[in-house]
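Here is a short briefing for a reader new to this structure. Look over the sequence and the model first, then read on.

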Amino acid sequence: MTLGEFFSDRLERLLLQGAVMVGAALFLLAVGNQPGVIMLLLLILLLVFAVVELRDFFICRRRLQELESILDGLDRKYLFAECIPGGRSVYECKLLDLSRKAGRAMISAVSDAQAAQREYREYVESWVHEIKTPITAARLVCQNADPKTRSKLTWELAQIEAHVERALFYARAESPEKDFVIRQANLGKIVAEAIGRHKTLLIQRGIKIETKDLGKTVYTDAKWVNFILGQLLQNAARYHSECQSPTVILSAETLGKQVRLAVRDNGIGIPAHELPRVFDKGFTGSNGRARGGSTGMGLYLCRNLADSLSIELEIDSKEKEGTTVTLTFPSVVTIPSSAELTTAGNQS
């Protein structure tokens, strides 16, 4: 708090003090006192008022500094009202009591919301695991169908699996650090696993896969990176060009202690004016609306997970030429806490 802010807040009080001084001077002058005496009394009053106001200013500023110090020292800022020592006045005590009541109500509401969110996440995870059984059964039934029907049903089942997988990762995306297992991993194996999981989809869409220089070592969570690559492969299959042989090239290069993985396709590309929004939640773009079935969640989840893993995710695209997505793996991954990693490792 500055001196100007303090006096601005007390403007009405200062005006009242000035009015009192003027009124006293007029009264003294009316009863026959000498102007010199009146001026002396006014100077004394002015000095007293100034000393009182300056004293109040330093008290208020010291109190604010004390409260700011308490707030800065708290990890959980919402407990601020509970940690403030007793008020200096009756008014401050009453105000702190109201703040504490409001804070407790807020903490209770947040706790209820977190419990409901936790229950919802557990339900989604349970549902995802249960839905995999009928999907697997449907795949077995497809094997007895004629080739044309089998191809169509396999494609639709692949779409269902993709949506189910996104639902699971979206439920976990609120606190992904609790599911992290950061380990040394071979980038080639991660890419091979992602390609294998989406092999049926890629074959049906006639997507040719090329890999280059993937024998790199990265420190990351293979499961989450596998999901990110899966979303990119699905997008390449969905938005492939009908005018040329669809191809996806995955290549890696070493940049100092970092490793950059590029995923390039020769699909229909993304309009330049839509590129800044492709990672926004729910954004489908003109291509998504034209081809249908897009939820606008795939790249949104990719960006969230990449940020959590300290992976730099970038996209570049040209219409009718293709899209390139690059993932730059850091030399050092920062994890929230070792305790969370230990818990996640035990759960794995």
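How much space lies in the largest cavity? About 600 Å³ lies there. A cavity is a set of points, on a 1 Å grid over the protein atoms alone, where a 1.4 Å probe fits but cannot get out. Its volume is the space filled by probe spheres set on the points, which are joined across faces, edges and corners.

This is a predicted model: local features need pLDDT of at least 70, side-chain atom pairs count only at pLDDT 80 or more, and totals for chains, interfaces and linings use all residues. Residues are numbered from 1 along each chain as its sequence is written, and side-chain values use heavy atoms, with hydrogens and water left out.

**The largest cavity**
- The whole structure holds 2 cavities of 30 Å³ or more.
- Lining residues have an atom within 4 Å of a point. The largest cavity has 38 of them, and Asn235, Arg238, Tyr239, Ile270 and Leu299 are the closest to its centre.
- Two or more lining residues come from each of α6 (147–172), α9 (222–238), β5 (258–265), α10 (285–291), α11 (298–308) and β7 (322–329).
- Helix α9 gives the most to this lining, with 6 residues.
- The lining of the largest cavity divides into 13 nonpolar, 19 polar and 6 charged residues. Ala, Val, Leu, Ile, Met, Phe, Trp, Tyr, Cys and Pro count as nonpolar, Asp, Glu, Lys and Arg as charged, and the others, Gly among them, as polar.

**The second largest cavity**
- About 30 Å³ of space lies in the second largest cavity.
- Its lining includes Ile207, Ala236, His240, Asp265 and Asn266.
- By class, this lining has 4 nonpolar, 4 polar and 1 charged residues.

**The whole chain**
- The protein chain has 12 helices and 7 strands. These are DSSP runs numbered from the N terminus: helices are H or I, at least four residues, and strands are E, at least two.
- The chain is more spread out than a compact globule, because its radius of gyration is 33 Å, well over the 20 Å that the globule rule gives for 348 residues. The radius is taken over C-alpha atoms, and the rule is 2.2 Å times the number of residues to the power 0.38.
- Its C-alpha atoms fill a box of roughly 120 × 40 × 40 Å along the principal axes.

**Threonine 133**
- Threonine 133 sits in helix α5 (residues 90–142).
- Threonine 133 and asparagine 266 are 133 residues apart in sequence and 35 Å apart in space, C-alpha to C-alpha.

Terms used:
1 Å grid on protein atoms, 1.4 Å probe; cavity = no way out; pocket = protein on both sides within 12 Å on 5 of 7 lines; lining within 4 Å.
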